[in-house]
Amino acid sequence: MPFTNIRMNGTEPMQTLSDTMHLNDSAISELLDAGAPDAAAVTAVLATAKAAKGLSIEEAATLLRVTDPGLLNSIYETAASVKQALFGSRVVLFAPLYLSNHCNNGCLYCGFRSSNSSLERKSLSPDEVVNEARTLEGMGFKRILMVTGEDPHSWFDNTIKSVEAVYKETGIRVIHVNAPTMEVDAFKELKRAGVGVYQAFQETYHRETYATMHPTGPKRDYDYRLSAMDRAMEAGFGDVGIGPLLGLYDFRFEVLASISHSMHLFRRFGAHAHTISVPRLRPAAGSGLDTVPVPVTDEQMKLTVAVLRLAVPTAGVVVSTRESAELRTALLHTGASQLSAASRTDPGGYTPNGGPEKESKESKKTLEQFSTDDHRPLVDVMASIAKEGFVPSLCTTCYRTGRTGSDFFDTTIEGGMETRCRANAILSLKEYVVEHPKNENGTMNGLFDTAISNSIDEIADEKIKKGVKEKLIAIERGKRDLFY
Ligand code: SF4
């Protein structure tokens with residue numbers, strides 16, 4: 001197990017040998033109070049980080065205290081190189097699919113909160129979810145993230161039925177789920193339905209802030225939510241997704257707590273968090289917050305992404321459409337590896353006649369959870385990724401071949417994913433080009449073809465390079481779903 005025992009030395013911010021995680025708030029705060037580090041200290045941490053084996057909490061805290069622009073750039077460059085070393089130039093794309101905006105929680109930051117009477121409530125039937133998934137499939141998506149509020153009557157059954165229906169009725173290859181926390185047996189059922197990653201965000205790891213932000217509903221229980229990933233992994237989920245909602249409390253605290261959470265999972269289950277998302281609080285109609293309690297700047301977003309990449313190098317660092325196109329592009333150069341695209345945060349938002357605001361004419365009530373900033377269609381997001389020298393990837397291989405949990409972690413930390421991810425990005429992009437021949441009269445596809453050929457040239461393993469070329473010809477001749 002390469003990096004936890006080696007890197008987790010010094011002050012221990014939680015009792016990692018326990019079955020559940022206990023975050024030591026004051027230990028984390030002390031690490032952040034130490035003042036800006038000197039250049040020598042930062043250089044030493046970056047030298048460690050370059051090995052792509054992770055960082056200790058103390059080392060991550062050192063980077064989070066940096067304010068010097070030159071040192072910040074060094075952190076970003078190191079994060080970009082670590083991402084490149086472990087996953088190559090691929091950037092994975094997915095879309096959220098909202099099942100329901102009914103919810104019996106009172107989270108102040110969310111438009112779905114139970115006391116928001118200005119929200120038009122809607123739950124999609126499994127057939128309606130299939131329609132949404134077909135629309136996403138038509139755009140080119142192969143992986144979706146189903147998202148649901150905590151509808152007291154039916155969220156669990158509806159989620160299971162929707163997952164099963166989408167697998168049966170569409171060509172969507174993997175479904176991840178962002179849903180309320182649950183007991184181990186329920187997690188087992190979710191896993192049996194074929195869900196890839198279970199995702200739930202702690203929102204804020206700061207206990208007092210958590211209590212303020214969650215005044216009512218089952219989500220009030222901080223510890224039950226914090227232990228959700230333990231139950232998910234006990235139930236057999238190898239891959240779980242964690243994250244803070246940035247803007248509720250000091251972002252540096254949230255980053256260290258997220259790293260601690262991931263380290264805890266590694267110690268118990270042999271796998272770090274599969275993804276760490278970094279959503280930043282956005283305006284939401286009918287939410288209980290007029291302002292962002294602790295605003296996070298764009299520069300702090302870059303540092304957040306970079307430190308997560310260096311401390312937990314095997315994790316997918318996920319950036320949503322809450323952020324502008326410009327910032328999302330910039331974050332690709334500080335270690336981000338996954339983007340959502342073309343997102344709608346209202347149930348039914350992808351169906352053909354849903355307008356951008358999706359407002360009911362009679363009631364003028366919105367259905368959205370929060371507003372997004374990057375409204376570009378998938379093809380435009382893919383094009384901007386390619387223009388930056390990355391390869392947009394629609395790959396779903398690992399979840400479907402059982403390369404999950406500790407297997408995924410071990411392969412990645414040993415450097416075994418770089419070529420696989422690159423090859424699979426090329427093959428999935430080729431499928432996209434073949435299936436969408438009319439993109440902007442072919443101009444986008446010209447860009448994608450160039451990205452494909454450049455990326456093939458960078459494959460060091462001659463056997464895999466030859467195999468990828470053969471598979472590309474097979475895709476042109478009609479074969480699909482080829483991967484490594
Ligand atoms: S090969 Fe695995 S890690 Fe790489 S992009 Fe595909 S699913 Fe993700």
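**Strand β1 and its partners**

In which sense do β1 and strand β9 (residues 391-393) pair, and over how many bridges? They pair in the parallel sense, over 3 bridges. Two strands count as paired if DSSP finds at least two bridges between them. Helices (H or I, at least four residues) and strands (E, at least two) are DSSP runs, numbered from the N terminus. Within β9, V391 is the bridge partner of R90.

A quick word on what you're looking at: this is a predicted model, where local features need pLDDT of at least 70, side-chain atom pairs count only at pLDDT 80 or more, and totals for chains, interfaces and linings use all residues. Residue numbers start from 1 along each chain as its sequence is written.

**More on β1**

With strand β2 (residues 143-148), β1 pairs in the parallel sense over 5 bridges. Here L97 faces M146. To get from β1 to β2, the chain goes through helix α6 (residues 126-139), a right-handed β-α-β crossover (with the strands pointing away from the viewer, the path from the first strand over the helix to the second runs clockwise).

**The nonpolar core**

L97 turns up again in the largest nonpolar core, which has 145 residues; A60, I144, V240, L256 and V307 join L97 as those with the most contacts inside it. Such a core is a set of buried Ala, Val, Leu, Ile, Met, Phe, Trp, Tyr and Cys residues joined through C-beta atoms within 7 Å. Both domain 1 (4-67) and domain 2 (85-387) give residues to this core, so it lies between them.

Leaving aside neighbours within four places in sequence, A60 is in contact with L55, L256, I259, V307 and A311 (contact: C-beta atoms, placed from the backbone, within 7 Å).

**Where the domains meet**

The domain bounds come from an automatic or database domain assignment. The C-alpha centres of domain 1 and domain 2 lie 26 Å apart. Their contact takes 23 residues from domain 1 and 26 residues from domain 2. On the domain 1 side, α2 (25-32) and α4 (57-64) each supply at least two residues.

Key. Buried ≥ 20, exposed ≤ 12 C-beta atoms within 10 Å, placed from the backbone. Contact = placed C-beta atoms within 7 Å.
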